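This report covers selected features of one protein chain. The sequence and model come first, followed by the text.

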Amino acid sequence: MDTSNFFSLKGRIALVTGGSRGIGKMIAESFIAQGAKVYISSRKAPACEETAAELGPNCIPIPMDVSTVEGCKALAAELASREDHLDILVNNAGAAWGVAFEEFPESGWDKVMDLNVKSPFFLTQALHDLLKTNASHAAPSKVINITSIDGLRLNPWETYSYHASKAALIYLTKRMAARLIRDGIIVNSLAPGAFASEMNKAARDHGDTVAKAIPMRRVGTPDDMAGAAIFLASRASDYVVGDTLVVDGGLVNASLGISIDG
């Protein structure tokens with residue numbers, strides 16, 4: 001058994017949405033370090049191009065708004081004009097919205113559900129042909145949906161549509177996996193916990209406080225995200241299908257409940 005190349009992504013082509021910052025940038029950088037050619041996409045062109053310049057020649061920006069089906073199709077068409085296949089798709093672009101129950105608006109519901117649930121489905125659909133071009137059961141293509149531990153447990157904030165969207169995406173991952181495996185495409189999800197980012201300002205700005213509730217007693221680092229993402233993208237996970245890998249320092253699965261005895 002030769003495991004020396006289990007985690008190599010050399011020669012692989014990847015697309016990471018929301019790749020200009022936060023978790024998407026961490027993933028893009030880790031894939032490049034393992035030898036992949038990585039396209040990153042984000043809504044803001046300057047940020048996308050700045051990150052690509054920072055990460056080097058194997059990072060190529062394709063600015064695009066994937067919050068609509070039309071945007072997903074446009075991104076897929078642009079990638080198809082540059083590459084004849086795609087090995088790895090990371091559906092990372094997402095949004096959150098927190099407002100009190102009494103005031104929660106329809107706009108906050110629709111924006112989050114569209115970007116967090118519809119877009120991963122319709123972008124994968126639009127990229128289906130590219131994903132299956134070189135895919136086989138011996139050497140599968142990979143789709144990684146970035147979900148969240150908020151799809152598995154409650155957070156303290158009133159983020160109604162975000163909770164619903166991430167729970168939906170975890171189950172959608174299973175449904176997509178059941179269909180796409182026949183084409184040699186493996187679909188899994190990665191559920192991060194507290195990682196410092198623009199979306200998770202609590203972990204970014206108050207990491208020491210947040211860490212007190214985490215069994216590992218710290219927030220996640222880029223290395224933590226890199227290890228999980230590389231595993232799901234690489235040969236090492238070729239027999240893992242439709243699952244959700246929780247990367248949260250034990251918050252979901254190793255936190256003790258509050259005792260009500262006595």
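Does Gly 193 count as buried or exposed? The model is predicted, and the values in this report are computed from it. Gly 193 has a relative accessibility of 14%. The cut-off for buried is under 20%, so Gly 193 counts as buried. This glycine belongs to the loop that lies between β6 (185–192) and α7 (201–205). In sequence, Gly 193 and Val 246 are 53 residues apart, while their C-alpha atoms are 7.6 Å apart in space.

**Parallel strands β1, β2 and β3**

Strand β2 (residues 37–41) is paired with β1 and with β3. The table lists the two pairings.

| Strands | Bridges | Direction | Partner residues |
|---|---|---|---|
| β1 (residues 13–17) and β2 | 5 bridges | parallel | Leu 15 and Tyr 39 |

Strand β2 is mostly covered, with 4 of its 5 residues buried.

Helices connect these strands. A right-handed β-α-β unit is made by β1, helix α1 (residues 22–33) and β2. From β2 the chain crosses through helix α2 (residues 45–55) to β3, and this β-α-β crossover is right-handed.

**Helix α4**

Helix α4 spans residues 106–126 and bends by about 40° at Lys 118. A proline, Pro 120, follows within four residues of the bend. Pro 120 is itself buried, and other buried residues of α4 include Gly 108, Val 112, Met 113, Leu 115, Asn 116 and Val 117. Ser 119, Leu 123 and Thr 124 are also buried.

What do the buried residues of α4 pack against? Their partners include the strands β1, β4 (88–91) and β5 (141–146). The helices α3 (69–80), α5 (128–133) and α6 (160–180) are also packed against by these residues.

**Packing of α3 on α4**

Two packed helices are described by the angle between their axes and the distance between the axes. For α3 and α4, the axes come within 9 Å and cross at roughly 35°. The crossing of α3 and α4 is right-handed. On the α3 side, Val 69, Cys 72, Lys 73, Leu 75 and Ala 76 make the contact. On the α4 side, the contact is made by Lys 118, Ser 119, Phe 122, Leu 123 and Ala 126. Lys 118, where α4 bends, is therefore one of the residues in contact with α3.

Note on methods: Residues numbered from 1 in each chain as written. Predicted model: local features only at pLDDT ≥ 70, side-chain atom pairs only at ≥ 80, totals over all residues. Heavy atoms only, no water. Buried < 20%, exposed > 50% of the residue type's maximum accessible area, 1.4 Å probe, protein only. Helix = DSSP H or I, 4+ residues; strand = E, 2+ residues; numbered from the N terminus. Pairing = 2+ DSSP bridges. Right-handed = clockwise from strand over helix to strand, strands pointing away. Bend = angle between axes of the 7 residues up to and from the residue. Contact = heavy atoms within 4.5 Å. Axes fitted to C-alpha atoms, helices over the stretch in contact; angles between N-to-C directions. Left-handed = near helix turned anticlockwise from the far one by under 90°.
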